[in-house]
Amino acid sequence: MMDRRTFLEMAAGSAIAAAAPARSAFASPTKSDAMIGIQIGAVSFVDEGAEKVLEICQQDASVNTLFVATFTYGRGIAGRQVPGQPLPDHGAQQYDTGTFRGGSYTQYDPKYFTNTTFKEFRAPDLGSYDVLEDVIPKAKKRGMKTIAWFEDVFSSGLPGIEKLQEVELSGKNATTLCFNNPNYQAWMLGIAENWARGYELDGIMWGSERQGAFSNILGASHGHPNPERVTCFCQYCFARARSMGINPDRAKQGFLELERVVIASRKGTKPKDGAYVELWRLMLRYPELLAWESLWTSSLRAAQKSLYDKIKSVNPKLGVGWHIWHNNSFNPIYRAEQDYAEMAPYSDFLKVVMYQNCAGERMVDYVNSVGSTYFADVPKQELLEFHYRVLDYGNEAGMDRLSETGFSADYVLRETKRAKADLVGTQTKLWPGIDIDIPTEAGHARCTPEGTKAVVKAAFEGGADGVLLSRKYSEMKLANLRGAGEALKELHLA
Ligand SMILES: [Zn+2]
């Protein structure tokens, strides 16, 4: 019998043959066209000086593209090392616990934000420093490209932000913003247009690490979402649902019933027919549960498409693409929602997160979470093995060791091949996101130069068009950055 892997390879192969003589989707990139990227927050350029940072990135890892974090309220891509984690061997040897705020690390023109109530979002952390103004000319001189990189992460309590916020199942406002809300739509398009017109950029990347209410109420991510806080149940989502023939009141009723089951399961109370059967009963009774999830995801896709169209209307040469959340590696529901072929027409590139090292503890966290909700009837090790099967992973560690080992380079190889197969016949570039020193808990897997080297090689072996070293330079050890550089030299890409 043909296994799934062989089938995928054959399917990909025949598609390539059919597309000849166009350049094969699996053609290895060359030194001149491989994208070697790194994510860097503004604070690193301020702390170390832009020239020095660029010098290190070029020398140690042959970086040719900078993904500069221009906007976020999160510490994942901005700010210095996360407090409590060891400081790396460069940069200010001090945490920014008291000073990190987040926001926009560039200036912006208020004229782009007339149609939104969220108008004041300049990051106060670094004074009047404008990261793009500083970095772009220096990068250009060195032949490096610059991509503005921003994410869907906000804080509560910012002036004018309440009108953009999602509404939780409980009825309270969420910290997250709603893609169907015209105030948020206007803000997103405003910031993208501002950067596209105001700076000599090479592209813009945006990321949203969120999912809809169905996946969230089941706890299906590595963050153990709280069932009462799932989103979105705002007036704009209700209106969009009605326009699509979905009854929002039925959806909300279904979620309230599912919420009771999940809360009881989390406390160890088993529904009489088991948690899994109970979920199916509710899905059959309330098909709106799934319709609501699709509504959320289609709203995200609409946001991406409108960003793409806006940026291209300003300058068609700007590359536009998306960061794909790590939950894609754990939750099969979320993975089903990431249809790369469907996204390709409005995606010049995809950064698919394949953070090999922190994946270990995150997968354990995910299994523990769904293992106490809809899979509460299944022992955790069996549940992990089930996920390895359905996600098509190879010989990864068991629940007892996975946090300490992380995932192997084979995970990056398989995920790259899978994404590449999904993109056959499209123009979309695939740039796997590689984990360099993403924080993990004490005693859990940590990056090494050898491990970093192995995953970079695995990504290119799997057909990647480049790699994006992640999450931020300010948490990376230079020895691990050099591990990536060594792989690139061996692959003749540096
Ligand atoms: Zn909404």
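Visitor: Which residues is Glu475 in contact with, leaving aside its neighbours within four places in sequence?
Guide: Contact means heavy atoms within 4.5 Å. This is a predicted model, in which local features need pLDDT of at least 70, side-chain atom pairs count only at pLDDT 80 or more, and totals for chains, interfaces and linings use all residues. Residues are numbered from 1 along each chain as its sequence is written, and side-chain values use heavy atoms, with hydrogens and water left out. Once neighbours within four places in sequence are set aside, the contacts of Glu475 are Gln81, Pro88, Ile436, Asp437, Ile438 and Pro439.

Visitor: Is Glu475 buried or exposed, and what is its relative accessible area?
Guide: Buried means under 20% relative accessible area, exposed over 50%, and partly exposed in between (1.4 Å probe, protein chains only). Glu475 lies in the loop between strand 12 (466–470) and helix 18 (478–490). Glu475 is therefore classed as buried, its relative accessible area being 2%.

Visitor: Which side chain of opposite charge is nearest to Asp435?
Guide: Lys and Arg count as positive and Asp and Glu as negative, while His and the chain ends are not counted. A salt bridge requires a side-chain nitrogen of Lys or Arg within 4 Å of a carboxyl oxygen of Asp or Glu. Asp435, in strand 11 (residues 433–435), is buried yet has no salt bridge. At 7.3 Å, the nearest side chain of opposite charge is Arg362.

Visitor: How far is the backbone nitrogen of Asn357 from a polar atom of the side chain of Asp435?
Guide: Asn357 is among the residues in contact with Asp435, as are Tyr355 and Ser470. The backbone nitrogen of Asp437 lies 3.4 Å from a polar atom of the Asp435 side chain. For the backbone nitrogen of Asn357, the distance is 3.1 Å.

Conventions. Helix = DSSP H or I, 4+ residues; strand = E, 2+ residues; numbered from the N terminus. Polar contact = N/O pair within 3.5 Å; in protein donor to acceptor, adjacent residues only side chain to side chain.
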